[in-house]
Amino acid sequence: MELPLSSLKEIAVKFKEEMHRGLAKEGTSLKMLPAFLSKPTGDETGVFVALDFGGTNVRILLVELLGNGKHKIIDRLSFPLKDIDGGYDYTASTVQKEELFAYISRKIQSLVNKETTYRLGHTFSFPCENKGLNQAFLIKWTKEIGTSGLEGQDIGLALIDALKEQNIRNVIPCAIINDTVGTLLTGAYQEKDCDIATILGTGHNTCYVERNNPWSQLPMIINIESGNFDRVPRTRYDHLLDESSERPGEQVLEKMVSGKYLGELVRLILIELNKKGEVFSNNDLTELLKTGMLTTTDISFALSTKQHRLLDIEKMFIERFKLESISDNDILLYQLVCRLVRDRSARLAAATYIGILQHIDPLLKEHHVIAVDGTLYEKLDCYSARLIDTLNELLEEKRNLVKLCLVKDGSGVGAAIAASMAELFSYGK
Ligand code: BGC
């Protein structure tokens, strides 16, 4: 699991090569999807509805862009697409797109003022082929979502149809963007040097501003869909995880980096260590043998400097996993595995950012800000420190030119910025 600097440098070069292939539309794991948008000026203003659909939790925001890089969230609503008590599940393959978008439309209606007309920006955090700013065809679901009738379909149209069907006439969808793009728009709204944005959360992906884009003379944000990158050294645990996932062979990097999968990787390693008699010996592992039983929240708990005491972790294994005899060594080994999985994730992500920097600024002469959003970066103990350390090691004496910047609500605020830019932007009209 430990990736030396030399491997990271190789990964960066391979990532850059794949970006070039993707831009040239040669077969590659990187889709390099144009967003039909460039950077905002920071002076955009107005009140917009932002729909942020990135996983099983959907958010709707009323955002006021104040100009001068500032914004205000006027109101917000957050709701799950899946009831934890099993009441409903709009993410299941047994559910049709119409049901899903009717549900979302009703939620939009409950947030907006009936007398006002709004433009809506939609952050849809799955790989989409945009044909214009408000036309995005879902290539495939990721993050284990499977609602029927949407793959290959225009997400923009699905929302427009649902709003019409619900007789909601005062909300006008005008932009669909990826969450990385939203984060870049929000980062660039505040900081002019921001030209890369990344999500390190349940999913993983990065976008950047392509100055010489092959589609038009103007700079264009490109959604790399970097989670699908596959030229990385994989361990047998990665293969095991992949084989039992919804879509084997896909999203190789995402399965090594994102929060959706880190807990499962730890679980698979523990099971293998147990088979070798190195951890949790003389215990009944029935509970721990169940897929998905460990999550990134557990990793966070295990590594948290604030709360963790060996006793608390021991209690978790006893109560949740029904283990009976746990030694301090078992817990220390568990923490070590959590650390290895966390650090590999941060180091891999850093290597891909270096690949992007080498593409946009080969001699690294300019300042770059990488906007970051997502719970791994924000909340997982020491994750951001590992990421920054690795970037610094790779950048050597150029380290001062690259800055990481946490952009909260990037995907929501970015949707509002995209909606505000929709009129001005002529791409795809
Ligand atoms: C999706 C990306 C998204 C990322 C972060 C991935 O699973 O393919 O489109 O940007 O998750 O949410």
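Visitor: Does R76 count as buried, partly exposed or exposed, and what is its relative accessibility?

Guide: This is a predicted model, in which local features need pLDDT of at least 70, side-chain atom pairs count only at pLDDT 80 or more, and totals for chains, interfaces and linings use all residues. Residues are numbered from 1 along each chain as its sequence is written, and side-chain values use heavy atoms, with hydrogens and water left out. Buried means under 20% relative accessible area, exposed over 50%, and partly exposed in between (1.4 Å probe, protein chains only). R76 counts as partly exposed, with a relative accessibility of 43%.

Visitor: Which residue forms a salt bridge with R76?

Guide: A salt bridge is a side-chain nitrogen of Lys or Arg within 4 Å of a carboxyl oxygen of Asp or Glu. For R76, the closest N and O atoms of the pair are 3.0 Å apart, and the partner is D409.

Visitor: Is D409 buried or exposed?

Guide: The relative accessibility of D409 is 18%. On that value, D409 counts as buried.

Visitor: Which residue meets K9 in a salt bridge, and where does that residue lie?

Guide: The side chain of K9 meets that of E396 at 3.7 Å, N to O. K9 belongs to helix α1 (residues 5–23) and E396 to a loop, so the pair ties together parts that are 387 residues apart in sequence. The loop that holds E396 is the one between α12 (383–395) and β13 (402–406).

Visitor: What is the relative accessible area of R347, which forms a salt bridge with E393?

Guide: The closest N and O atoms of E393 and R347 are 3.7 Å apart. E393 lies in helix α12 and R347 in helix α10 (residues 328–360), so the pair ties together parts 46 residues apart in sequence. E393 is partly exposed, at 34%, whereas R347 is buried, with a relative accessible area of 17%.

Visitor: How many salt bridges does the structure hold?

Guide: Side chains of opposite charge can pair when their charged atoms come close. One network of salt bridges links E17, E18, R21 and R231. The number of salt bridges in the structure is 27.

Note on methods:
Helix = DSSP H or I, 4+ residues; strand = E, 2+ residues; numbered from the N terminus.
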